Each structure stands twice: as C-alpha cells, then as structure tokens.
Amino acid sequence: MESFIKLIFFYLVERKPRMEKINMKVVRCQAKVIGTIVTVSGAMLMTLYKGPIMEMVWSKHIHPRSSFVTDTTGAADKDWVKGSIFLIIATFAWASFFILQDNTLQTYRTELSLTTLVCFMGTLQSIVVTFVMERRLSVWAIGWDMNLLAAAYAGIVTSSIAYYLQGIVMKTMARGPVFVTSFSPLMMIIVAIMGSFILAEKIYLGGVLGSILIVAGLYSVLWGKHKESESQRREGMSVNNTAATTTTTTPLPVEEHEAV
C-alpha cells in the first residue's frame, strides 16, 4: 500500500514540473507505467495473500526461540482506521520529501551539506516530539544494548547515508525521484529473506510470487528509464551537431571597402 501511494503520487506530482515525462505512445513510457503497476501488484500480493508455506533449505535447520514468536491474538484494541489514515499521511509526506530534495538539489548542489541540514532538523523535531509524547526521563537512557544499535543504525545508515546516496543519484546521475523510489518494494523481499535466516520466519507462496512480480516490474521500470536516458542523450548530441553545422556553414560577413 505504501509503495502504491508513493508511486502514484510521484506520477501525478512530477508531471506538473516536468520531472517525469509520460507519453503512452512511446514504448519506454509504457514500460515504466506497466512496470510500476506490476511492482505494486507484487507488493500487494506479498501483503494480502499467504498461501501454503514454502520450505526453504536453510529454514529446516533453524529452530526459533519462543521470544521471537509474536502473539497477535490480543489485537482487538487497535484502531485500524486511525492507523491507516496516519500511514497514508506519512507516505505522502515521505514522497514529498523526495520531490523537495530533488528541487533543492537543482540550486543547492552540495549533497553532503544538505544531508547534514536534513539530519539536524530531523534531530530537533524528534527531540520536540519526544518531550511532548514522553514525560518519563528513562526514555532518554541509552545503554550498551539493542536500543543503542537500533538508534545508531537508524541515524547513520537509514538516514545519513541513504539521504546522501539518493541525492547523488538524483543530481549526478539525473535519474529523478521515481528512479530512486522504484527500489522501495525490494525492502519487502530483503526483510522476508533476512527474517527467514535470522528469525526463522515462515515464507509463504504469496511472498515468493510477489517477489517475482516485484523483480519483473522493477526491471521494466529500469529498462524504460535507461531507454529514456539514451533518447535524451541522442537528442542532446543531435542538437549540438545541428548547432555546430549551422555555425560552420554560415558565411562570414564581407567587409565593404569604400573606393578612395
């Protein structure tokens, strides 16, 4: 659902500032749209359909501990309506961040400084939210445990390094936000594989079929973006050649000499 909202938001918003060109008469644009639909379908299939359990080679020799087993029987008190609304709002905000980052890099061309500013502002916002939502001082205590590792990983890898790399892809490679966010559904596949390895979680048939659709759709989107970049490169070369030809074939002005 998150990938669906994010990709649809990009195609609707980016067409206004002409970041992403969509022409359904061109094969490469058809590949991007169809690949997006296939990728979203695969992500929804992994989420909504389970099917029979798939026995993997590595999962036969792993026995999960009881602490890894989560009990979802007592989930009657959860408010799914509010959760869905806040999830949609968060997804739109996260998608808007990619658009804003791409527009900012057009004028502010220093990715590392921009990443530092974004992380600093995020830290200030997190401090304010923590002060408002948590009144206990114990939440600020950090020990040498998984809480420290989770905080360090979230701050260094998923925030700092991720923002810096996606800025480089947007500006240096000139791929745009759609190319960057096309890899988001791959997180579901990576999480499922790592969960099967580390936590001995079960992999279902729906997850395998959804993974295949995600990979196929991602390949279609990347193929369309590659063909689009090649077309833009050829158009740029043809414009330069035309300008050079016009410059060389234009006759030089003849100086008029007055008779003495």
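Helices (H or I, at least four residues) and strands (E, at least two) are DSSP runs numbered from the N terminus. The model is predicted: local features need pLDDT of at least 70, side-chain atom pairs count only at pLDDT 80 or more, and totals for chains, interfaces and linings use all residues. Residues are numbered from 1 along each chain as its sequence is written, and side-chain values use heavy atoms, with hydrogens and water left out.

The protein has eight helices and two strands. Along the sequence they follow the pattern α-α-β-α-α-α-α-α-β-α. Of its 260 residues, 25% are buried (under 20% relative accessible area, with exposed over 50% and partly exposed in between; 1.4 Å probe, protein chains only). Contacts are heavy atoms within 4.5 Å. Among contacts with a separation of 6 or more, 81% join residues 24 or more positions apart.

Helix α5 bends by about 35° at A162. The bend is the angle between axes fitted to the seven residues ending at a residue and the seven starting there. The buried residues of α5 are S159, Y163, Q166, G167, V169 and M170. Their cover includes α3 (80–107), α4 (111–133) and α6 (177–181).

E111 is found in α4. Its relative accessible area is 12%, so E111 counts as buried. Beyond its neighbours within four places in sequence, E111 is in contact with L105, Y164, G167, I168, K171 and T172.

The second largest pocket holds about 840 Å³ of space. Its lining has 26 residues, of which V157, T158, A162, F183 and M187 are the closest to its centre. A pocket is an open set of points on a 1 Å grid over the protein atoms alone, with protein on both sides within 12 Å along at least five of seven lines; lining residues have an atom within 4 Å of a point. Volume is the space filled by probe spheres set on the points, which are joined across faces, edges and corners.

Helix α5 gives the most to this lining, with nine residues. At least two residues each come from α1 (2–13), α3, α5, α6 and α7 (186–198). By class, the lining has 18 nonpolar, five polar and three charged residues. Ala, Val, Leu, Ile, Met, Phe, Trp, Tyr, Cys and Pro count as nonpolar, Asp, Glu, Lys and Arg as charged, and the others, Gly among them, as polar.

Definitions and conventions: On a 1 Å grid over the protein atoms alone, a cavity is a set of points where a 1.4 Å probe fits but cannot get out, and a pocket is an open set with protein on both sides within 12 Å along at least five of seven lines; lining residues have an atom within 4 Å of a point.
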